Amino acid sequence: MSPLIIANWKMKLGLDESRLLAQAVKKIPTGSTEVVICPSFPSLTTVSAVLARSRFALGAQDCFWEPHGAYTGAVSPETLHEIGCRYVIVGHSERRQYLGETDEMVHRKVAAALSAGLVPIICVGETFEQRQTGHQDYALIQQTSRALEGIALTEDQQLIVAYEPVWVIGTGQAINPDQAQTAHQVIRQTLIDLFPLTLVTENIRIIYGGSVDSGNVADFVRLEHTAGVLVGNASLDAGAFAALIRSV
Ligand code: PGA
């Protein structure tokens, strides 16, 4: 499978900035790499129009767990699909931390995203405290299994699990690739306990996120059972992002 790079623009760009960055990104040669751009909600339609008929796929940064109804301020996964999204990030640690997103909410969002025909990118990762107290594996197993237990993944559906150690996000200092490899093995074993092996191998990808840049990306994509990376800061500048894609 070709490597996957997912750009998470978070809430860092305005409308014009998003359009300009999308126009610049669209010109970057991607080779066989699959690249997904996840702008903020208000920029989705603009960026969707810019990236239409390009090799870049569109993703959202969150969705609600119901397709429609009286849910003020929420965003339907069906509408995201209509806008042109193929992917949606679910359970990012910033949402867990600032908006009280729980494993149960993540679970419901994963189910709703799959029903809407989207590929969920489920973020899991330990905090610094969990790591220091020896609870890293426990946190990864809990978050992964709670998000996915009872989800009936079919052969035509895909899932992505992004391992993002919470304490390295946005710091400019990624973890050692060996540590990522160990975490990915824990996640993969959890997936094997939940789904048939063929589905885990063919329909589910595990990626790494947390201070990925053009200097370290190659060390992560070459890891066993690592299908790609989720990138925040290094995706906000077209030059830096082009260098990152080239390194892959
Ligand atoms: P970062 O963000 O690359 O800036 O660490 C990654 C993320 O939060 O998805």
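Visitor: What is the relative accessible area of Lys10?
Guide: This is a predicted model: local features need pLDDT of at least 70, side-chain atom pairs count only at pLDDT 80 or more, and totals for chains, interfaces and linings use all residues. Residues are numbered from 1 along each chain as its sequence is written, and side-chain values use heavy atoms, without hydrogens and water. Lys10 sits in the loop between strand 1 and helix 1 (15-25); helices (H or I, at least four residues) and strands (E, at least two) are DSSP runs, numbered from the N terminus. Lys10 counts as buried (under 20% relative accessible area; exposed is over 50%, partly exposed in between; 1.4 Å probe, protein chains only), because its value is 16%.

Visitor: Which glutamate does Lys10 contact beyond four places in sequence?
Guide: Contact means heavy atoms within 4.5 Å. The partners of Lys10 include Cys38, Gln61 and His92. Also among them is Glu94.

Visitor: How far apart in space are the residues of the "binding site" annotation, by largest C-alpha distance?
Guide: The label comes from an unreviewed UniProt entry and covers Asn8, Trp9, Lys10, Gly170 and Ser211. UniProt positions follow the numbering used here, feature names are shortened, and annotations may be inferred rather than shown by experiment. The set spans 204 residues of sequence yet clusters in space, with a largest C-alpha distance of 13.9 Å.

Visitor: Is Asn8 buried or exposed?
Guide: Asn8 belongs to strand 1 (residues 4-8). Its relative accessibility is 5%, so Asn8 counts as buried.

Visitor: Which histidine does Asn8 contact beyond four places in sequence?
Guide: The partners of Asn8 include Cys38, Gln61, Ile89 and Ser235. The histidine among them is His92.

Visitor: What is the largest C-alpha distance in the "active site" set?
Guide: The unreviewed UniProt entry lists His92 and Glu164 under this name. They are spread over 73 residues of sequence but cluster in space, at 8.6 Å.

Visitor: What relative accessible area does His92 have?
Guide: His92 lies in the loop between strand 4 and helix 4 (93-98). Beyond four places in sequence, His92 touches Asn8, Lys10, Cys123, Glu164 and Ile169. His92 is buried because its relative accessible area is 4%.

Visitor: And what is the relative accessible area of Glu164?
Guide: Glu164 lies in the loop between strand 6 (159-163) and helix 8 (177-194). Beyond four places in sequence, the contacts of Glu164 include His92, Cys123, Gly209 and Leu230. Glu164 is buried, with a value of 6%.

Visitor: Which residue of strand 3 stands opposite Val36?
Guide: Strands pair if DSSP finds at least two bridges between them. Strand 2 (residues 34-38) and strand 3 run parallel and are joined by three bridges. Opposite Val36 stands Ala57.

Visitor: Which helix lies in the crossover from strand 2 to strand 3?
Guide: This β-α-β crossover is right-handed: with the strands pointing away from the viewer, the path from the first strand over the helix to the second runs clockwise. The chain passes through helix 2 (residues 44-51).

Visitor: What is the bridge partner of Leu58 in strand 4?
Guide: Strand 3 and strand 4 (residues 85-90) run parallel, with three bridges between them. Together with helix 3 (residues 77-83), they make a right-handed β-α-β unit. The partner of Leu58 is Cys85.
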